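Colleague: I have not looked at this one before. Can you walk me through it?
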Amino acid sequence: AMIRPLQDAILAVNAGSSSLKFALYPQHDGIVEASHISGNIEGLEAGGTPFIRLCTDEGNSTERLKLGD
């Protein structure tokens, strides 16, 4: 699929004590479209194991992040 460059978009972020959720909503000609990418990062608490989950138009993927050393 061809990816169109974004001129304008709205980034929505919701941060909790151990997670962060996000979604990117493209805007064209003043109209906000459905989110093309969203996800969450969990395991951000002390001693947690951070990982990110992404949802796109083309499907879902989960990637483990290594933070720090």
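This is a predicted model: local features need pLDDT of at least 70, side-chain atom pairs count only at pLDDT 80 or more; totals for chains, interfaces and linings use all residues.

Colleague: What does the chain average in pLDDT?
Modeller: The protein chain averages 81, and 78% of the residues score at least 70.

Colleague: Which elements have the lowest and the highest mean pLDDT?
Modeller: Strand S6, residues 59-64, has the lowest at 66. Strand S1, residues 8-15, has the highest at 93.

Colleague: Staying with S1, how does it pair with S2?
Modeller: S1 and S2, residues 19-28, are antiparallel and share 8 bridges. Asn 14 has Lys 21 in S2 as its bridge partner. The two strands are joined by a hairpin of 3 residues.

Colleague: And how many bridges join S2 to S4?
Modeller: There are 6, and S2 and S4 run antiparallel. Opposite Phe 22 is Gly 39 in S4.

Colleague: What about S2 and S3?
Modeller: S3 covers residues 31-32 and pairs with S2 over 2 bridges, again in the antiparallel sense. His 28 is bridged to Ile 31 in S3. The hairpin between S2 and S3 has 2 residues, and Asp 29 in the turn has a positive phi of about 55 degrees.

Colleague: Different topic. How many salt bridges does the structure hold?
Modeller: It holds 1. Glu 42 pairs with Arg 53, with the closest N and O atoms 3.8 Å apart. Glu 42 sits in S4, residues 37-42, and Arg 53 in S5, residues 51-56, so the pair is 11 residues apart and links distant parts of the chain.

Terms used. Residues are numbered from 1 along each chain as its sequence is written. Side-chain values use heavy atoms; hydrogens and water are left out. pLDDT is the predictor's confidence in each residue, from 0 to 100. Helices (H or I, at least four residues) and strands (E, at least two) are DSSP runs, numbered from the N terminus. A salt bridge is a side-chain nitrogen of Lys or Arg within 4 Å of a carboxyl oxygen of Asp or Glu. Two strands pair if DSSP finds at least two bridges between them.
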